Amino acid sequence: MSAHSQRRIDASAEQALLEAIDRWVEREVRPVVMHHDHNDIWPAELVEQMKEMGLFGATIGQDYEGLGLPATTYAKIIAKISSYWMAITGIVNSHLIMAAAVERFGTEDQKQQWLPKFASGEIRGGLALTEPDAGTDLQAIRTTAVRDGDDYIINGTKTWITNGIQGSCFAVLVKTDPKAEPRYNGMSFFVCPKGPGFSVGKKFDKLGYKAIDSAELVFENYRVPAANLIGGKEGQGFFQATGGLELGRINVAARGVGLAEGSLRLATAYAQVRKTMGKPIAQHQAIQLKLGEMVTRAEAARLLVTNAAEAYDRGERCDMEAGMAKYFASEAAVRNSEEAMRIFGGYSYSKEYEIERFYRDALLMCIGEGTNEMQRMIIAKQWLKRNPA
Ligand SMILES: Cc1cc2nc3c(=O)[nH]c(=O)nc-3n(C[C@H](O)[C@H](O)[C@H](O)COP(=O)(O)OP(=O)(O)OC[C@H]3O[C@@H](n4cnc5c(N)ncnc54)[C@H](O)[C@@H]3O)c2cc1C
């Protein structure tokens, strides 16, 4: 069972938390989104507020000073924020996936050392898996860690790392035995705080997901204590890194729900005020067909996310459920934002309206935490395993 299993929250506490998030989004996030997004400015003040709300410890257990929220509640929070500004949730999510790796697979000493500081947001960071020549094929990574006394020495380059510039600590996937067969047996996962030999390379200029730093991380003879090897044993890294992706996929799916719902909200409002042929466009059947599909898609995506999050909270293996939620909800985000663009007509193409941001941000959901091509293969493999001939 995972460290996360059997988490509960009573309905009134959850409601109060979601209402607090609503108020924060309304008062603090909405007024500044366009400024940050259009100018690609990291939202320092919002990050401080998220720290105060405890969001950097949202899924970290209460034993380690986190909020200890179930995945179901966490997914609702992420969907809510994402229905106004998806990108900001990346600052919390990547960080919490790093934390989940330590909480699920770390030694007790590692949990005591790292989790309270992750939970308070004093140390923030993310997950460093991808390399220039290894994204989907994670086992092809080339970054190495070589034992040297009480330390390991890490060399290599990670790319596309969320929070790469603003974060100070990353869970880094490396090869401790590059010749191992199968390749995953030679992989290990380290908690790596920034220090000598660990620098930031280029920052990516992106289509969407603005204001959030995506960067290269460069390791040149970076020395990390052997005590930072997650779980204390070499060869476990691939499973530790991919195990954490279940929560990551639920989160990306929740972001997809938020984007799908936000696109629907904007389109619904616009369709009732924009008039053609003497009536609001919402009265035209062609627009109603779009709205009918959009609301159904958003609702179906939300239900799939709830289903996956509930399985996660029960401590069950849920790669199939998380995969279905991630696949469907991210495609729902893309389709709903595209349909909303059509409903907005020419104005969709203006940066004075918000819908273009939803359209730019939605596509990323199909790529992160395992592409949607891979999700369908994961779903099918699990399906076949559960249904042998
Ligand atoms: C904004 C952003 C933020 C990111 N943040 C992080 C982060 O914080 N940490 C991190 O480690 N990574 C991060 N990534 C990297 C992301 O996880 C990878 O981009 C993703 O895993 C895909 O890898 P790739 O880009 O190398 O594509 P590739 O692996 O080269 O895939 C290219 C295409 O081939 C398809 N494909 C590949 N292999 C197969 C196969 N076997 N069967 C069928 N189709 C296949 C893929 O689905 C895709 O369509 C981020 C990426 C972006 C864009």
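The conversation below sets the descriptions of this structure against the definitions behind them.

Student: What should I know before reading any numbers here?

Tutor: This is a predicted model, in which local features need pLDDT of at least 70 and side-chain atom pairs count only at pLDDT 80 or more, while totals for chains, interfaces and linings use all residues. Residues are numbered from 1 along each chain as its sequence is written.

Student: What makes the protein chain as compact as a globular protein of its length?

Tutor: The chain holds 12 helices and nine strands, where helices (H or I, at least four residues) and strands (E, at least two) are DSSP runs, numbered from the N terminus. Its radius of gyration is taken over C-alpha atoms, and the globule rule is 2.2 Å times the number of residues to the power 0.38. For 389 residues that rule gives 21 Å, and the radius of gyration of the protein chain is 21 Å, close to that value, so the chain is as compact as a globular protein of that length. Along its principal axes, the C-alpha trace spans about 80 × 55 × 45 Å.

Student: Why is L46 called buried?

Tutor: A residue is buried if 20 or more other C-beta atoms lie within 10 Å of its own, exposed if 12 or fewer, and partly exposed in between, with C-beta atoms placed from the backbone. L46, which is found in helix α3 (residues 44-52), has 20 C-beta neighbours inside 10 Å and therefore counts as buried. Across the protein chain, 52% of the 389 residues count as buried.

Student: Which residues is L46 in contact with, beyond its neighbours within four places in sequence?

Tutor: Two residues are in contact if their C-beta atoms, placed from the backbone, lie within 7 Å, and L46 is in contact with E28, V29 and I88 once those neighbours are left aside. L46 and V29 are 17 residues apart in sequence, with their C-alpha atoms 7.3 Å apart in space.

Student: How do you know that helix α11 is mostly covered?

Tutor: Helix α11 covers residues 355-362, and seven of its eight residues are buried. Those buried residues are I355, E356, R357, F358, Y359, D361 and A362, and they pack against α2 (33-39), α8 (245-273) and α10 (319-343).

Student: How is the protein chain divided into domains?

Tutor: The chain is divided into domain 1 (11-124), domain 2 (126-241) and domain 3 (244-386), with bounds that come from an automatic or database domain assignment.

Student: Which residues come nearest to the ligand, and what makes a residue count as near?

Tutor: A residue is near a molecule or strand if its C-beta atom, placed from the backbone, lies within 6 Å of it. There are 20 residues around the ligand, and L129, G135, T136, T371 and E373 come nearest. The shell draws at least three residues from each of domain 2 and domain 3, and β1 (125-128), β3 (151-162) and α12 (372-386) each supply at least two of its residues.
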